[in-house]
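I opened this model to look up its strand pairing, its ring contacts and its salt bridges.

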Amino acid sequence: MRLKALPSALLCLCLSGCLADEVGGVYLVSEGTGEMPSAKDFGAEVFFQAGDTWRAWSSASWLSIDPKEGKSGRNGIVMRTVEANHTKTRRMATVTIESGGKQQLLTVWQRNDYALFEPREYVVGAEGGNVNLAFSSNVSKDSLLIRYLPVNWLAWEGDSAKTRVADWSGKVRTLVAQPNPKETERKAYFVLVLGAERRIDYQVLDTAWVRQLGK
């Protein structure tokens, strides 16, 4: 089995194998293991030879398969993560490819890099006040960032403008909300990401909302 390098968010897994010269509706794909990131929308393309019509399916809801069926000959399927892994444990899925009454299995793992806001929504009154933005994570502090779109009614407590997380387990960052002079509520969102400050190709691990009520 061979994986082809794919553009954008597709991640190549190191799976290898060989094609059998067996006929009669049988194709063989060597068993292999691969590891996906903890974020969603990452995947890999697997190629195989089918001697008959075939179908494929995944044992886990977090891993999709496309296409799910096809004709004989050279074929490929894309395995893609459709959910982030927020379980705090590494998890496994089995992909089954069946043709001519015979099956081949692929084992795929999804890593458990996690950073979770606790809670994910914060509500502050129209009068303003402090918001304690709390989170937990197993990610190295050198890789974890809080990113956000600046708004004029929220600011970090004190004079800290840095988004890098100094302490990444059970940390609380305090935001100060200004009074809301309008009757309509307003929102701001924050994300915990893996990636360097100057890079744009970062991996989002979790999102939190700060909602301020109207007066």
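For burial I use relative accessible area: buried is under 20%, exposed is over 50%, and partly exposed is in between, with a 1.4 Å probe and protein chains only. I note that this is a predicted model, in which local features need pLDDT of at least 70 and side-chain atom pairs count only at pLDDT 80 or more, while totals for chains, interfaces and linings use all residues. Residues are numbered from 1 along each chain as its sequence is written, and side-chain values use heavy atoms, with hydrogens and water left out.

**Entry: the open sheet**

I took helices (H or I, at least four residues) and strands (E, at least two) as DSSP runs, numbered from the N terminus. Two strands pair if DSSP finds at least two bridges between them. I looked up the order of the four-stranded open sheet and found β11-β17-β16-β13, with mixed pairing. At its edges are β11 (121-124) and β13 (144-148), each of which pairs on one side only. From one strand to the next the twist averages 20°; axes are lines fitted to C-alpha atoms, for helices over the stretch in contact, and angles run from 0 to 180 degrees between N-to-C directions.

I then followed β13 to β16 (residues 186-194): the two run antiparallel and are joined by five bridges. Leu144 has Leu194 in β16 as its bridge partner.

**Entry: β4 and its partners**

I checked β4 (residues 54-58) next. It pairs with β6 (residues 69-70) in the antiparallel sense over two bridges, and Arg55 has Glu69 in β6 as its bridge partner. With β8 (residues 91-99), β4 pairs in the antiparallel sense over five bridges; here Ser58 is partnered by Val95.

Ala60 lies in the loop between β4 and β5 (63-66). Its relative accessible area is 14%, so I list Ala60 as buried. From Ala60 to Thr81 I read 9.8 Å, C-alpha to C-alpha, across 21 residues of sequence.

**Entry: cis peptide bonds**

I found a cis peptide bond between Asp66 and Pro67, with omega about -5°; Pro67 lies in the loop between β5 and β6. Glu118 and Pro119 are also joined by a cis peptide bond, with omega about 5°, and Pro119 lies in the loop between β10 and β11.

**Entry: rings**

Rings of Phe, Tyr and Trp (its six-membered ring) pair if their centres lie within 6.5 Å; planes under 30 degrees apart count as stacked, over 60 as edge-to-face and the rest as tilted. By this rule I count four aromatic pairs. Phe117 and Phe135 are edge-to-face, because their planes stand at 80°, with the ring centres 6.5 Å apart. This pair links β10 (residues 115-117) to β12 (residues 129-137), 18 residues apart. Phe117 is buried at 2%, and Phe135 is buried at 1%.

Tyr148 and Phe190 form a tilted pair, 5.3 Å centre to centre with 35° between the planes. Tyr148 is in β13 and Phe190 in β16, so the pair ties together parts 42 residues apart in sequence. Tyr148 is partly exposed at 27%, whereas Phe190 is buried at 3%.

I also looked for charges over rings, meaning NZ of Lys or CZ of Arg within 6 Å of the ring centre and within 35 degrees of the ring normal. The charged end of Arg74 sits over Phe47, 4.6 Å from the ring centre. Lys187 lies over the face of Trp209, at 5.8 Å from the ring centre.

**Entry: salt bridges**

I counted six salt bridges, each a side-chain nitrogen of Lys or Arg within 4 Å of a carboxyl oxygen of Asp or Glu. In one of them, Arg80 meets Asp41 with the closest N and O atoms 2.9 Å apart. Arg80 is in β7 (residues 73-81) and Asp41 in the loop between β2 (33-36) and β3 (43-50), 39 residues apart. Arg80 is partly exposed at 24%, and Asp41 is partly exposed at 40%.

Arg120 bridges to Asp206, with the closest N and O atoms at 2.8 Å. Arg120 lies in the loop between β10 and β11 and Asp206 in β17 (residues 203-212), so this pair ties together parts 86 residues apart in sequence. Arg120 is partly exposed at 41%, whereas Asp206 is buried at 6%.

Arg211 forms a salt bridge with Glu185, the closest N and O atoms being 3.1 Å apart. Salt bridges with shared partners join Glu121, Glu185 and Arg211 into one network.
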